[in-house]
Amino acid sequence: LEDMEAMYAFKLRLCADPHPHDWTLCPYAHEGEVARRRNPAYHSANPCSEYERTGACRRGTRCPFAHGVWERGLHPQRYRTLLCSRANRCTRPLCFFAHSE
């Protein structure tokens, strides 16, 4: 997954494939999936305090803050701005952190 695709496309649109498949390998969002996120152009990387406290936000898609780790981690303001603590040992399929300086 390229950096631009990760930040600006990954898990933003719903998957059109009606057949059962591994959602962790699919770049599209699925109903009820925790990795589903909103377009980062419409919110900051700063966390929504209401969402952090309760897991929901009354403002919904109009909220100017990030909802959850996927919206924060893949936001262009944050994505790969810090070094990965696992460095060369990182096995995450998609890591939000940089692996070199």
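**Entry 1: Arg-80**

I looked up Arg-80 and found it partly exposed, because its relative accessibility is 31%; on this scale buried means under 20% relative accessible area, exposed means over 50%, and partly exposed lies in between, with a 1.4 Å probe and protein chains only. Arg-80 sits in the segment after helix H3 (68–73), where helices are DSSP runs of H or I with at least four residues, strands are runs of E with at least two, and both are numbered from the N terminus. I also noted that its phi is near 55°, a positive value in a residue other than glycine.

**Entry 2: What kind of model this is**

I am reading a predicted model, in which local features need pLDDT of at least 70 and side-chain atom pairs count only at pLDDT 80 or more, while totals for chains, interfaces and linings use all residues. I number residues from 1 along each chain as its sequence is written, and the side-chain values I quote use heavy atoms, with hydrogens and water left out.

The pLDDT, which is the predictor's confidence in each residue from 0 to 100, averages 94 over the protein chain, and 99% of the residues score at least 70. Among the elements of the chain, I found the lowest mean in H1 (94) and the highest in H2 (97). I keep in mind that where pLDDT is low, the predicted coordinates should not be read in detail.

**Entry 3: Lys-11**

Next I turned to Lys-11, in the loop between H1 and H2, whose phi is near 65°, again a positive value in a residue other than glycine. Is Lys-11 buried or exposed? Lys-11 counts as buried because its relative accessibility is 1%.

A polar atom of the Lys-11 side chain lies 2.7 Å from the backbone oxygen of Trp-23 and 2.6 Å from that of Cys-26.

Leaving out residues up to four places away in sequence, Lys-11 touches several others, including Pro-27, Tyr-28, His-30, Glu-33, Ala-35 and Arg-37; contact here means heavy atoms within 4.5 Å. The C-alpha atoms of Lys-11 and Ala-35 are 6.6 Å apart, although 24 residues separate the two along the chain.

**Entry 4: Arg-37**

Arg-37, one of the residues that Lys-11 touches, lies in the loop between helix H1 (3–8) and helix H2 (49–54). Arg-37 is buried yet has no salt bridge, and the nearest side chain of opposite charge, Glu-71, is 7.1 Å away; Lys and Arg count as positive and Asp and Glu as negative, while His and the chain ends are not counted. A salt bridge needs a side-chain nitrogen of Lys or Arg within 4 Å of a carboxyl oxygen of Asp or Glu.

Which backbone oxygen does the side chain of Arg-37 reach at 2.7 Å? I found the oxygen of Ala-6 there, and the backbone oxygen of Phe-10 also lies 2.7 Å from a polar atom of this side chain. With residues up to four places away not counted, the neighbours that Arg-37 touches include Met-7, Tyr-8, Leu-12, Trp-70 and Leu-74.

**Entry 5: Salt bridges**

Searching the whole structure, I counted 6 salt bridges. Glu-31 and Arg-36 form one of them, with closest N and O atoms 3.7 Å apart; Glu-31 is exposed at 66% relative accessible area, whereas Arg-36 is partly exposed at 36%.

Arg-72 and Glu-52 meet in another, at 2.7 Å from N to O, and this pair links distant parts of the chain, with Arg-72 in helix H3 and Glu-52 in helix H2, 20 residues apart. Arg-72 counts as buried at 16%, and Glu-52 as partly exposed at 43%.

**Entry 6: Cysteines**

How many disulfides are there? The count comes to 0, with a disulfide taken as a pair of cysteine sulfur atoms within 2.5 Å.

Terms used: A polar contact is a pair of N or O atoms within 3.5 Å; within protein, one must be able to donate a hydrogen and the other to accept it, and residues adjacent in sequence count only if both atoms are side-chain atoms.
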